[in-house]
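Welcome, and please have the sequence and the 3D view open side by side. The report below walks through them one topic at a time.

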Amino acid sequence: MPVLAWSDDVNSYESLGENGVGETAREVNSISSNPRIGVFICHCGSNIAGTVNPSKVREAAEKLPGVVTAKENKYTCSDLGQDEIISAIKQNGVERVVIAACSPRMHEPTFRNCVKQAGLNPYLLQMVNLREQCSWVHSREKDKATEKAIGLVRMGVAKAARLEPLEAREVPVEQSSLVIGGGVAGIQAALDLAEMGFKVYVVESEPSIGGRMAQLDKTFPTGDCAICILAPKMVELSRHPNITLLSYSEVEEIHGFIGNYNVKVRKKARYVDESKCVGCGVCADACPVKVDNKFDLGFGKRKAIYVPFPQAVPLKYTIDRENCIHFKTGKCGACVKACSNDAIDYEIVDDEIELKVGTIICATGFDIYVPKKRDVYRYWESRNVITGLELERLINASGPTGGNFIRPSDGKPPKRVAFIQCVGSRNRKLGSAYCSRVCCMYTIKNAQIIKEHQPDTDIAVYYNDIRAFGKGFEELYHRVREEYGIEFIRGRPAKLSENPETGSITIRAEETLLSKITEREFDLIVLATGLKPSEGSKRIGKVLPLSLSSDGFFQEAHPKLRPVDTAIDGIYLAGCAQGPKDIPDSVAQAKAAAASAAAIMAGKQVRIEPLTAIVDEELCVGCGLCVEMCPYGAPEVHESETGSKAKIVEALCHGCGTCVPACPQKAIAANQFTDEQITSEIASALGGVGRAAGKTKKDANRAEGA
Amino acid sequence: MDGHPNLREERPAYNPEIVAFCCNWCSYAGADLAGTTRLQYPTNVKIIRVMCSGRVDPAFVLKAFSLGADGVIIAGCHPSDCHYINGNEKTAIRGDFLSEFIEDAGIESQRFRVEWIAGSEGHKFADVVKQMVTELEALGPISEESAQ
């Protein structure tokens with residue numbers, strides 16, 4: 001589709017008029033009472049025309065009041081289709097355009113461009129949704145679908161007749177970006193933007209960036225050590241002149257709109273002065289408190305003053321207030337005495353930071369599914385049942401066991417290990433019907449690592465389907481089967497029972513490829529737990545009204561064509577916040593999100609839809625009800641010569657129109673969604689096509705109302 | 001999908017007309033999704049797009065009934081999921097008021113619904129329409145006096 005630069009000041013229409021468009025373009029600036037309407041009906045190949053009869057719709061449209069031309073086109077959105085619209089507009093002096101095609105959520109911007117090219121104000125377009133809301137949903141009722149399509153076009157024509165030209169505003173774009181989440185996706189997006197020359201703020205809620213990838217041992221399918229490839233990026237981020245890292249911080253509020261977001265961040269108190277701490281660790285040596293390390297998922301211990309893992313960035317210590325003796329009793333102070341740099345200060349308080357950014361990338365990651373209590377898999381009951389992420393820590397060289405592969409109950413190396421796939425994934429009962437996309441491969445990778453640690457281990461994988469779809473995945477799958485002798489058993493375990501003396505666990509399962517029920521004993525069970533939306537995503541969901549898809553992850557604006565955009569302009573998604581994905585996919589999406597954000601910022605200016613509310617000061621009595629309705633503080637009541645009047649601050653108005661029904665004076669109108677426009681749609685929706693007999697009285701009412 | 005009687009059998013003579021006000025971000029997107037996934041529902045519904053369900057003036061609903069609608073739906077984002085922070089909360093309040101008013105006017109409560117339909121809930125949109133058409137067919141035409 002052609003990409004055009006719009007210039008929407010009023011004069012441009014006149015100049016377009018002088019450039020050969022004729023009187024039409026000039027006329028649209030004044031609202032004519034009987035505008036000339038053009039209707040364009042798209043076949044969309046057979047998507048619409050296979051169900052709806054477009055010729056009948058065109059014939060009906062031709063008879064509608066104000067319609068001067070009605071045309072059909074096989075693909076309206078194609079270059080050819082758009083050219084036909086443009087010439088029909090010019091030839092017939094069309095002043096309002098109705099395009100009956102797909103959803104306005106799909107192609108409204110395309111056709112606004114097209115209408116604009118024809119010399120009309122781009123907001124004099126009304127789209128009629130014949131595809132998503134008619135032909136596709138009524139494909140077995142062709143006549144009725146055609147009848148409905150005629151009704152929908154009638155509504156579109158009625159609204160189009162009442163459309164008014166609007167002027168889009170251009171606002172400057174802040175040349176900075178906020179990246180929420182410091183996992184691999186957030187890190188990559190931040191680095192790319194910073195390299196492009198934009199200022200980037202990275203907000204991470206944990207004391208260190210690194211995210212889930214930092215917890216992993218090796219990565220599939222190549223076997224790269226996760227932290228070895230991640231740590232250099234973490235360091236690069238912390239040292240980049242264009243990046244400000246706000247670790248141990250939370251995004252509290254986000255207001256504004258594309259190009260102009262105001263963000264409030266709370267930097268939680270570490271009780272360690274970051275500018276003085278050199279990360280030597282003497283404080284932690286002195287600290288007498290030992291608690292479970294969350295980073296090691298409870299297998300290892302840390303002190304109450306800690307860094308979560310040795311490669312942490314920033315390498316600054318943090319006091320865990322809940323466990324620190326000083327905060328509990330006011331005593332101790334061992335760390336303060338130990339620190340030769342006087343970096344520790346119990347009096348530090350949370351800091352509030354305000355940022356102004358043009359774009360936001362949300363990379364809030366995932367959490368691991370935690371199996372339920374009293375579940376068939378006995379995760380909470382048996383110590384030797386662990387999750388996939390716990391296994392990552394147990395085989396990690398910098399993990400709690402120093403990379404020695406042992407089982408939790410007795411610290412001995414397990415000789416028989418079973419993996420159980422699809423735990424918390426592909427399970428409708430748990431509300432997670434989706435595939436987590438990484439569990440097959442991390443199981444295969446971990447099976448290989450275990451075999452490398454202890455070649456005499458017997459490993460079995462209970463699976464439903466093996467999904468080895470990525471580059472090099474299938475090859476790895478075959479290698480572990482053939483070279484490492486790992487056994488793959490198709491079947492979902494029905495029962496796990498523990499031998500209380502040995503701690504070993506017997507799996508009872510139907511092996512569906514053999515059609516028999518077997519019982520096998522293992523020393524360690526690893527549940528290939530799936531991915532679920534993170535708590536961090538939920539917190540951000542409260543700050544930003546991002547929509548969720550049915551799996552609970554953030555929803556992209558379009559599943560194919562806008563996979564990193566959100567429904568909110570200027571806000572993008574990267575990594576597992578949008579859905580389960582592996583590291584290469586997360587990195588790819590992060591780079592895409594950075595490019596999308598950069599495209600907006602590089603433009604310096606951004607167009608804001610003029611779909612705002614406007615106040616008719618003559619009718620307004622300044623009661624202030626609109627002020628109460630508005631969640632953005634857009635209406636303001638001010639004193640004028642004629643008394644109190646409300647005024648909409650355009651930059652703050654998001655155009656929801658909630659204030660409009662609240663106004664007792666009918667003094668507020670929502671651009672493109674005025675009372676008159678909507679009422680005309682209602683009247684023509686009920687305009688009497690295909691009504692059952694015996695409703696004559698109501699038909700009369702209807703005609704009157706219309 | 002093909003469970004609805006309207007899709008299998010000949011329709012009864014009464015063909016109820018439903019006007020659905022759908023917010024752009026959730027329920028209109030949900031209705032679009034019903035289309036992209038080719039869910040089938042009866043043709044009786046016509047959608048009017050608004051940016052937020054909070055834009056729907058109660059007067060629109062009354063106007064629709066007075067002009068011959070047999071049923072009206074206001075559909076918005078789920079509570080706490082509003083694209084405009086809390087527009088749907090206002091819809092909920094106005095919806096409660098409307099329900100009472102409509103019943104007082106002698107219009108059956110089944111004829112007016114406020115529904116929360118997310119952009120991912122194409123099936124819900126289709127189900128709501130199917131269910132409402134079935135209910136309205138059982139009710140029959142709206143009484144003349146109440147429609148006034």
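## Domains of chain A

Which domains does the domain assignment of chain A give? This is a predicted model, and its chain A is assigned domain 1 (3-167 + 671-703), domain 2 (177-263 + 357-365 + 534-605), domain 3 (282-349), domain 4 (368-531) and domain 5 (609-670).

Let us turn to the interface. The size of an interface is often given as the accessible area lost when the parts come together. Here chain B and chain A bury about 5300 Å² between them, and 56% of that is on carbon and sulfur atoms. On the chain B side, B:Lys46, B:Arg55 and B:Leu67 lose the most area to chain A, together 14% of what that side buries. In terms of contacts, 61 residues of chain B touch 62 residues of chain A.

The polar side of the story can be counted too. Between chain B and chain A there are 17 residue pairs in polar contact, with both residues at pLDDT 80 or more. Which elements give two or more residues to the side of chain B that touches chain A? They are helix H1 (5-8), strand S1 (18-23), helix H2 (27-36), strand S2 (45-50), helix H3 (58-66) and helix H4 (87-104) of chain B. H2(B) supplies the largest share, seven residues. Sorted by class, this side of chain B has 31 nonpolar, 16 polar and 14 charged residues.

## Salt bridges

Side chains of opposite charge can pair when their charged atoms come close. A search of the whole structure finds 41 salt bridges over all chains, and the count between chain B and chain A is three. B:Asp57 forms a salt bridge with A:Lys666, with the closest N and O atoms 2.8 Å apart.

For an example within chain A, look at A:Arg539 and A:Glu250, whose closest N and O atoms are 3.1 Å apart in a salt bridge. A:Arg539 belongs to helix H16 (residues 535-543) and A:Glu250 to strand S9 (residues 249-257) of chain A, so this pair ties together parts that are 289 residues apart in sequence.

## A hairpin in chain A

How many residues lie between S30(A) and S31(A) in their hairpin? There are two residues between these strands. Strand S30 (residues 635-640) and strand S31 (residues 643-648) of chain A pair in the antiparallel sense over six bridges.

## Backbone details to check

A few backbone geometries deserve a look before you set up a calculation. A cis peptide bond joins A:Phe220 and A:Pro221, with omega about -5°; A:Pro221 sits in the loop between strand S7 (199-203) and helix H9 (226-239) of chain A. The bond from A:Val313 to A:Pro314 is also cis, its omega being near 0°. You will find A:Pro314 in the loop between strand S13 (305-306) and strand S14 (318-319) of chain A.

Finally, A:Arg378 has a phi near 55°, a positive value in a residue other than glycine. A:Arg378 is in the loop between strand S17 (366-368) and strand S18 (385-387) of chain A.

Technical notes:
Residues numbered from 1 in each chain as written. Chains lettered and ligands numbered in written order. Predicted model: local features only at pLDDT ≥ 70, side-chain atom pairs only at ≥ 80, totals over all residues. Heavy atoms only, no water. Contact = heavy atoms within 4.5 Å. Buried area = accessible area lost by both parts, 1.4 Å probe. Salt bridge = Lys/Arg side-chain N within 4 Å of Asp/Glu carboxyl O. Polar contact = N/O pair within 3.5 Å; in protein donor to acceptor, adjacent residues only side chain to side chain. Helix = DSSP H or I, 4+ residues; strand = E, 2+ residues; numbered from the N terminus. Nonpolar A, V, L, I, M, F, W, Y, C, P; charged D, E, K, R; others polar. Domains from an automatic or database assignment. Pairing = 2+ DSSP bridges.
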